[in-house]
Amino acid sequence: MNPTLESGVLPDWSTYGVVAASAVLAAALLLAAGAFSVALLLILTVLVAMVVTYTWSRRVEGPRRAKDRLVTLAIVAAFGLALIPLLSLIFEVAKRGIPGLSIEFLTESARGQIGGGGAAHALVGTLVITGVAALISIPVGLMAAIYLTEYGGGRLGRALTFFVDVMTGIPSIVAGLFAYALFALFLGPGIRLGVMGSVALSVLMIPIVIRTSEEVLKIVPNHLREASYALGTPKWRTITKVVLPTAFAGLITGMMIAVARIIGETAPLLVTTGVVDSINSNPFSGRMQNLAVYAYSEYRTPGVFKQASYDRAWAAALTLIVIVMVLNLVARLIYRRYRTEIR
Amino acid sequence: MGAIGATRAEAEAEVGKTEMKVTTTGTQPAPEAAAAADGRPAKTLETRGVNLFYGEFHAVEDVTLTVEPNKVTALIGSSGCGKTTFLRSLNRMHELTTSARVEGEITLDGQDIYGRAVDPVQVRRLVGMVFQSPNPFPTMSIYDNVAAGLNLNAGRVKKTEKDAIVERSLRGAHLWEEVKDRLDKPGSGLSGGQQQRLCIARAIAVEPEVLLMDEPCSALDPVATLAIEDLIGELKSKFTIAIVTHNMQQASRASDITAFFNLEQTGKPGRLIEIGPTEKIFTSPAQQATEDYVSGRFG
């Protein structure tokens, strides 16, 4: 007789069944030992489920499928583990931040307020500082990425790649001190300007823009460039009319990620833009508040009503998270809308 | 040799000069004799002692041949013998590969296309190319794909004029009837054969003199292949055509002249073994290697 294609197989409910049974067993064990806690229960459940699944599957299905089930369980558990801090962080910030959120919080500054006021000045500052940083970084970073993928390859290209790698590793406070030193050199010590913060953030943002744009431009297939050259198109027009449009969705996503990465920076802004209570939307004149520094200073030096200050700090953190999430969402929408099928 | 950069009208005026040269050398028919009744005289591509390199690797050795105007020249030979590399040297695409090098002389109606003062961009305007796999621009509509050459080459073209060129090119590529109602749809939504005809329309929209085709049917089914072959037969009334193919039936069906490339062994450069009228190459070739290859006895 021919060898059969069929072999033993576990019932469909086996995965959930085993996990549920393991949870019960683990709970019983912990209660018996008198050391019950949620964390221990979860860990023990996973361990018991892995052992039971593996032995059961090995007897019925053979070693290959048993290993497959074991690894699947391990990976799902690891995923859950990684999700815990993220979810708990969002939950915690939302729980503590919502009480401090109000129309007043988003529309009023803290000028002349004793233990009250809003964070509009910080919101404006965050948007202006980040916007100016993006205005500086995106053209520089994009052009550097174009150079690296379309022209570079020589010694300059390799040097550029090397220094981009080095820049990625710069601690953010160093970027802040660099911007401070640069402006202090021309405008004297003690200077605090919004644009200084933007310059500091650019130092952090440029390498991210270069790296992500470079990766995206690399996957534009070469046959599209050749098709364009074969029509007698000059190189720079090939880049602007064929390469960049093809990579558009990916480039936008990369830039949004870069913005999201720097929008919450605190340390470099602490030394460059200073702390202030009133709205200032001119990056070239005077101090400028921003959400991250606002949250920090509300928590460190609370006003007369301590709890109100803490609430405002959490609300500022929540606002920052919402801004980043919206940016990510917009990036995803743009990507879906404009992505081109690349073969 | 600045005339490569000249406008089309000037370039056509050049034809007169070349005719004299052609008749004195006497190696090929004068262009106007070769041009079909409804066509236009295209240009002659000649190579003399062309050697092609990738860095240290010698890919093609000493090729001297003529791609005659208003005829289809097929380049056949086994894989890796340098047919495609040679084809790419004819419109200066070869040099786009890092460390690729060209030695020898390639002339378009007597003008050296590798001259020091010659702009490769201008050469490629006169010598168009269709690639192995269809590669329409994914971000552009069918209309914009055909008009790409016009749009990409700076010069302002009026909308009505552009419409006319797009329609003429799509008709020329036998695609008009199939796509006329969805010109604004993306080109990537077409079938493989339609995409390849779209790429041919794109190539002929800029009115080149010579059309190079690098295995244009290798990704297509037999029906689409036949459509492209018919098209090639028609296009030769306007263009000089060189086509690389692995398919010997295709070479015998679609070409007037066949050039057989071969390499002695892997690592050695490919060479031109024999070139002649297609009929002769397929029935009574002069070289034993050619006979072995076309009869399928090739090792």
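In chain A, the C-alpha centres of domain 1 and domain 2 lie 40 Å apart, where domain 1 covers 14-99 and domain 2 covers 103-338, with bounds that come from an automatic or database domain assignment. Please keep in mind that this is a predicted model, in which local features need pLDDT of at least 70 and side-chain atom pairs count only at pLDDT 80 or more, while totals for chains, interfaces and linings use all residues. Residues are numbered from 1 along each chain as its sequence is written, and chains are lettered from A and ligands numbered from 1 in the order in which they are written.

How many residues of domain 1 of chain A are in contact with domain 2 of chain A? Five residues of domain 1 of chain A touch six residues of domain 2 of chain A, where contact says that the C-beta atoms, placed from the backbone, lie within 7 Å. On the domain 1 side, those residues divide into three nonpolar, one polar and one charged; here Ala, Val, Leu, Ile, Met, Phe, Trp, Tyr, Cys and Pro count as nonpolar, Asp, Glu, Lys and Arg as charged, and the others, Gly among them, as polar.

Let us stay in chain A and turn to a helix. Helix α7 of chain A, residues 172-187, has 16 residues and reaches 22 Å from its first C-alpha to its last, close to the 22 Å expected at 1.5 Å a residue, the expected span being 1.5 Å times one less than the number of residues. Helices (H or I, at least four residues) and strands (E, at least two) are DSSP runs, numbered from the N terminus. The buried residues of α7(A) are A175(A), G176(A), A179(A) and Y180(A), and they cover an arc of only 135° around the axis, which puts them on the same side of α7(A); that arc is taken over the directions from the helix axis to the C-beta atoms. A residue is buried if 20 or more other C-beta atoms, placed from the backbone, lie within 10 Å of its own, exposed if 12 or fewer, and partly exposed in between. The buried residues of α7(A) pack against α8 (194-218) and α11 (267-272) of chain A, whereas on the other side of α7(A) we find A181(A) and L185(A) exposed.

Now to chain B, and to strand β8. Five of the five residues of β8 of chain B, residues 240-244, are buried, so this strand is largely enclosed by the rest of the structure. T240(B), A242(B) and V244(B) point one way from β8(B), while I241(B) and I243(B) point the other way. In general, side chains in a regular strand alternate between the two faces of the sheet. Strand β3 of chain B, residues 72-77, pairs with β8(B) in the parallel sense over four bridges, pairing being counted if DSSP finds at least two bridges between two strands, and T73(B) has A242(B) as its bridge partner. Strand β7 of chain B, residues 210-214, also runs parallel to β8(B), joined by five bridges, and here D214(B) has V244(B) as its bridge partner.

Finally, where do the chains meet? 22 residues of chain B are in contact with 20 residues of chain A, and α4(B) gives the most to the side of chain B that touches chain A, with four residues.

Technical notes
Two residues are in contact if their C-beta atoms, placed from the backbone, lie within 7 Å.
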